[in-house]
Amino acid sequence: MTVRLADIAAQAGVSEATVSRVLNGKPSVAAATRQAVLAALDVLGYERPVRLRQRSEGLVGLITPELDNPIFPALAQVIGQDLTRQGYTPVLATQTPGGSTEDELTEMLVDRGVAGIIYVSGLHADTTADTKRYADLRAQGVPFVLVDGFSAKVQAPFISPDDRAAMTLAVAHLVSLGHTGIGLAVGPRRFVPVQRKTEGFVRAVQDQLNLSPDLVEATLIQHSLYSLEGGQAAARALIERGCTAVVCASDMMALGAVRAARQAGLQVPRDFSVVGFDDSPLIAFTDPPLTTIRKPVPAMGQAAVRTLLEEVGGTPAPHSEFVFMPELVVRGSTASKPRVRHSAA
């Protein structure tokens, strides 16, 4: 028990005697100190004594997809820092291939007595997923907020970027450079952000290039995986169809598109222009620096925390969606449409 007390004391920043008083339910411990000790128990994975298993006001779960895409760690950092400033302890739970599922992570966090949960790009964004899991969670009295991916079936507040407006910005930029063969490299159809980006792209190309929606859907949109390899495969297909520019649904896909262009003997941006989405950390330092649509990560992260803590405080937000406007960041991966398509020779 001495080792455990020492670990808990170090995590909470208090003495072992204080930890002992909290664990034994003794009085004369400040509320903030008691909260810090309980949060330390949770973070270190120790079971709380039965008498102490009331819901902690200091622990908030954050469930994200894989962390390979740098936009997820960036969002997690914003949310974590804001929670810490508000006196809460963030617990990051990440899904990994072959690892814990969203439901398993949710169960683990609920068992720890979290004050609430923030989901980023979770099953709520998948139109084929069963939304009953969220109704069950609400029935347990656990507040939660959902980031990226609105569902009319889930009674909860949502935080989203304006994916349709993002596509309008990207297409307008490329049209201004003279491009008429503009493709979209995007993820699987079942995800809400994909559907919204597709809708925005089709409308923007229709409005700005006077192309029919059917033609755009059939020839200018390529669904793939949200990864570098997925972007590479999608861009390769679009290049073969004669596109001189591509809008990608993520920066990782955009880096794959740059690779596909080079493999086809094209230079970016001389022969082929690429626009990303997210403005992930370090993306300004790629070769070439990536033109992208900046996702408003700080505003979205802070809004997720503020909305969740309002729920925790007993003033729940209605079933609503808070939509944040992205912005175009022009760098070195876009240029005027080439007069003649250059080849590797």
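Biologist: What should I know before reading the values?

Modeller: This is a predicted model, where local features need pLDDT of at least 70, side-chain atom pairs count only at pLDDT 80 or more, and totals for chains, interfaces and linings use all residues. Residues are numbered from 1 along each chain as its sequence is written, and side-chain values use heavy atoms, with hydrogens and water left out.

Biologist: How many disulfides are there in the whole structure?

Modeller: The general idea comes first. A disulfide is a covalent bond between the sulfur atoms of two cysteines. Here the criterion is a pair of cysteine sulfur atoms within 2.5 Å. A search of the whole structure finds zero. C243 is in no disulfide, and its nearest cysteine sulfur, that of C248, is 11 Å away. For C248 the closest cysteine sulfur is in C243, and 11 Å is too far for a bond.

Biologist: Is C248 buried or exposed?

Modeller: Buried means under 20% relative accessible area, exposed means over 50%, and partly exposed lies in between (1.4 Å probe, protein chains only). C248 has a relative accessible area of 0%, so C248 is buried. C243, at 1% relative accessibility, counts as buried too.

Biologist: What does C248 touch?

Modeller: Contact means heavy atoms within 4.5 Å. Not counting residues up to four places away in sequence, C248 touches A185, M253, A254, A257, V274, V275, G276 and F277.

Biologist: Which residues of the largest nonpolar core touch the most other members?

Modeller: A nonpolar core is a set of buried Ala, Val, Leu, Ile, Met, Phe, Trp, Tyr and Cys residues joined through side-chain atoms within 4.5 Å. The largest one has 44 residues, and I182, F201, V246, V247, C248 and V274 touch the most other members. Several elements each supply at least two residues of this core, among them helix 7, strand 6 (182-186), helix 8 (192-209) and strand 9 (273-278). Helices (H or I, at least four residues) and strands (E, at least two) are DSSP runs, numbered from the N terminus. A second, separate core of 24 residues includes V60, I71, L75 and V78.

Biologist: Where is I71 found?

Modeller: I71 is in helix 4 (residues 71-85). I71 is buried, with a relative accessible area of 4%. I71 and D279 are 208 residues apart in sequence, yet 7.8 Å apart in space, C-alpha to C-alpha. Setting aside neighbours within four places in sequence, I71 is in contact with D278, S280, K295 and V297.

Biologist: How many salt bridges are there?

Modeller: Side chains of opposite charge can pair when their charged atoms come close. The rule is a side-chain nitrogen of Lys or Arg within 4 Å of a carboxyl oxygen of Asp or Glu. The count comes to 14. Take K295 and D278, whose closest N and O atoms are 3.9 Å apart. K295 lies in the loop between strand 10 (291-294) and helix 12 (297-312) and D278 in strand 9, so the pair ties together parts 17 residues apart in sequence. Both K295 and D278 are buried.

Biologist: Which residues are linked in a network of salt bridges?

Modeller: D279, R294, E327 and R331 are. R294 is in strand 10 and E327 in strand 12 (residues 327-329), 33 residues apart. R294 is partly exposed at 31%, and E327 is partly exposed at 41%.

Biologist: What separates D82 and R85?

Modeller: They are three residues apart in helix 4, so about one helical turn separates them. D82 counts as buried at 10% relative accessibility, whereas R85 is exposed at 58%.

Biologist: How far away from E102 is the nearest side chain of opposite charge?

Modeller: Lys and Arg count as positive, Asp and Glu as negative; His and the chain ends are not counted. For E102 that side chain is R133, 4.9 Å away. E102 is buried yet has no salt bridge. E102 lies in helix 5 (residues 102-111).

Biologist: Which side chain is joined to E102 by a polar contact?

Modeller: A polar contact is a pair of N or O atoms within 3.5 Å; within protein, one must be able to donate a hydrogen and the other to accept it, and residues adjacent in sequence count only if both atoms are side-chain atoms. E102 has one of 2.6 Å with Y134. A polar contact of 2.8 Å also joins the side chains of D163 and K197. D163 is in helix 7 (residues 163-176) and is buried at 4%.
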